[in-house]
Amino acid sequence: LRDNRIELVRASWHELSISVSDVSLSDEGQYTCSLFTMPVKTSKAFLTVLGVPEKPQITGFTSPVMEGERMQLTCKTSGSKPAADIRWFKNDKEVKDVRYIKEEDANRKTFTVSSTLDFLADRSDDGAVVSCRVDHESLNSTPQIAMQVLEIHYTPLVKIISSNSWPEEGQSIILTCESKGKPVPEPVLWTKDGGELPDPERMVVNGRVLSISFLNKTDNGTYRCEAKNPIGRNSTEYVLIVHDVFNTLLPTTVIPSLTTATVTTNVALTASTTTSATATSIRDPNALAGQTGPDHALIGGIVAVVVFVTLCSIILLGRYLARHKGTYLTNEAKGAEDAPDADTAIINAEGSQVNAEEKKEYFI
């Protein structure tokens, strides 16, 4: 062996060792060691040199790619001996549906290997990392990897989110239009029933947010949010139904029991008169839930009715008694001391009722 890369390491009667630096494919072959004795003794060994594959490269990607277009990415490596193995991954998940091509190099010792990944561009692939991994026994379990980050352009994806799932009259609602696209969509456009927003004072647009205050039945309708970018435009709709407060509170409102107020007026005569006034209080179904406390207007009305009824009763009773004066006739019986009772005394009294002195009593 006569090569500057070959060096004698050890030489003795028992051992002869050499080292070969900067090994190349030309160093592959059969090596013979001879011991010059009588007869000569020899030993042979075959040296296999592995071809280390070059660092892979990914070609075929042009940025950006429109959604729906077909993409063909090719990973290629040369100089492997034996032929290297190529595997594709998308976000660390292996892709199996690929084409594999192996070609012999001009030196007829090494191979050029290529693999093609073919797929339709989708918005879910935007930002995905596509990697090509080359495995070979010469790499000592450390594969060579080439990576490509995908950039996919697509039309906006629009979604409306409502802050109130059950809007009622008098309340407020916030509609948020979420739009995602690449390039980033322009400011969104809000419309109602195909036209402009009818009440700008209550319907305020701030960026992608539509706020409507003091809801009423006129706000019912279809609200559309539209977003666009250089690729295209897209829109979505939200149907707003403002619910009546009565219909929403009736199933959950507890109607309180009847409240009765009684006023009694007594006149200091031989008879007494009692006047009662009854008032019924029922919670206003349109009142907001959770409000409690006395209704001062209702109490005032009850008191006024009771006073009026009392005064009327006194006037009527006075007029009745004035028209019906009682006349009472009493007689003083003479010599009735021995009578056992009042009736006998009157019968045995002297004189008659005709001649008796008439006494009258007047009610004042």
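Predicted model: local features only at pLDDT ≥ 70, side-chain atom pairs only at ≥ 80, totals over all residues.

Visitor: Why is Cys33 called partly exposed?

Guide: Buried means under 20% and exposed means over 50%. Cys33 has 41%, so partly exposed is the label for Cys33.

Visitor: What makes Cys75 and Cys132 a disulfide?

Guide: Their sulfur atoms are 1.6 Å apart. The cut-off is within 2.5 Å, so the pair qualifies. In general, a disulfide is a covalent bond between the sulfur atoms of two cysteines.

Visitor: Which parts of the chain does the pair of Cys75 and Cys132 link?

Guide: Distant ones: Cys75 sits in strand β7 (residues 70–80) and Cys132 in strand β12 (residues 129–135), 57 residues apart. The link of Cys75 and Cys132 has -70° about the S-S bond and is left-handed.

Visitor: Are Cys75 and Cys132 buried or exposed, and how do you know?

Guide: Cys75 has a relative accessible area of 0%, and Cys132 has 0% as well. Buried means under 20%, so both cysteines get that label.

Visitor: How many disulfides does the structure hold?

Guide: Two. Cys177 and Cys225 form a disulfide with sulfur atoms 1.7 Å apart, and that is within the 2.5 Å cut-off, so this pair passes as well.

Visitor: Why is the disulfide of Cys177 and Cys225 called left-handed?

Guide: The torsion about its S-S bond is about -80°, so left-handed is the word for the disulfide of Cys177 and Cys225. This pair also links distant parts of the chain: Cys177 is in strand β15 (residues 173–182), Cys225 is in strand β19 (residues 221–229), and they are 48 residues apart.

Visitor: What about residues 297–317?

Guide: UniProt, in an unreviewed entry, places a "transmembrane region" there. In the model, that span is 100% helix and 0% strand, and its end C-alpha atoms lie 31 Å apart.

Visitor: And how many helices and strands does the protein chain have?

Guide: Three helices and 20 strands. Buried residues make up 25% of its 364 residues.

Conventions: Residues numbered from 1 in each chain as written. Heavy atoms only, no water. Helix = DSSP H or I, 4+ residues; strand = E, 2+ residues; numbered from the N terminus. Buried < 20%, exposed > 50% of the residue type's maximum accessible area, 1.4 Å probe, protein only. UniProt positions renumbered as here; feature names shortened; annotations may be inferred.
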